[in-house]
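Please consider the following note alongside the sequence and model.

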Amino acid sequence: MKNKLMILASCVLLLCATGCKKDKNKKDDNTPISKEETLMGKVSAPTWTASSDYDYNSSMTAVVKIDLAERFPDKASDFELTGNDVLAAFIDGQCVGVSKPEEGLFFLFITEPVTTNDDRQVTLRYYSAHYKNLFEAANVFPFENDARQGTVTEPYVPELKVGE
């Protein structure tokens with residue numbers, strides 16, 4: 001009888017120990033985390049490439065810093081920039097520059113599409129390999145020939161939102 005009681009107590013203890021693991025997809029009160037409450041996604045790495053059909057006489061550069069932990073302090077405390085992250089610039093939906101991080105910054109060479117309107121706005125899109133998700137800059141900046149957006153000492157920091 002004493003052995004059966006010990007076995008039963010051991011089984012209950014084992015079940016309690018394995019049942020205490022926190023589900024990353026649930027809050028402390030065991031309710032599911034909605035899409036708006038997490039940055040994790042299931043997006044494959046994009047294959048953004050800038051077309052070769054550009055006027056390379058008209059270009060600009062951007063030095064960009066991405067820090068999701070700063071932008072989303074409650075959701076991205078474990079953020080890390082990896083070599084598989086990608087930042088791309090778009091004008092009128094066309095990819096005009098792609099960069100991978102170097103020493104914590106993205107150095108974008110942005111070329112002007114041959115056929116564009118006069119109001120050329122640059123939109124940035126960022127892929128986080130850590131979160132497997134896309135982010136888009138809420139703020140845009142104008143394309144200006146020979147201009148620079150950000151520097152190494154004061155990089156441009158876009159206001160990112162989770163992509164659709």
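1. Which side chain meets that of Glu-159 in a salt bridge? The partner is Arg-71, at 3.7 Å from N to O; a salt bridge is a side-chain nitrogen of Lys or Arg within 4 Å of a carboxyl oxygen of Asp or Glu. Glu-159 lies in the loop between strand 9 (148-149) and strand 10 (160-162), while Arg-71 belongs to helix 2 (residues 68-71), 88 residues apart.

2. This is a predicted model: local features need pLDDT of at least 70, side-chain atom pairs count only at pLDDT 80 or more, and totals for chains, interfaces and linings use all residues. Residues are numbered from 1 along each chain as its sequence is written, and side-chain values use heavy atoms, with hydrogens and water left out.

3. The structure holds 3 salt bridges. One of them joins Glu-112 to Arg-120, with the closest N and O atoms 3.0 Å apart. Both Glu-112 and Arg-120 are buried (under 20% relative accessible area; exposed is over 50%, partly exposed in between; 1.4 Å probe, protein chains only).

4. Strand 6 (residues 121-128) has 6 of its 8 residues buried, so the rest of the structure largely encloses it. Helices (H or I, at least four residues) and strands (E, at least two) are DSSP runs, numbered from the N terminus.

5. Strand 6 pairs with strand 7 (residues 133-137) in the antiparallel sense over 4 bridges; pairing requires at least two DSSP bridges. Arg-125 and Glu-136 form a salt bridge, the closest N and O atoms being 3.6 Å apart. Arg-125 lies in strand 6 and Glu-136 in strand 7, so this pair ties together parts 11 residues apart in sequence.
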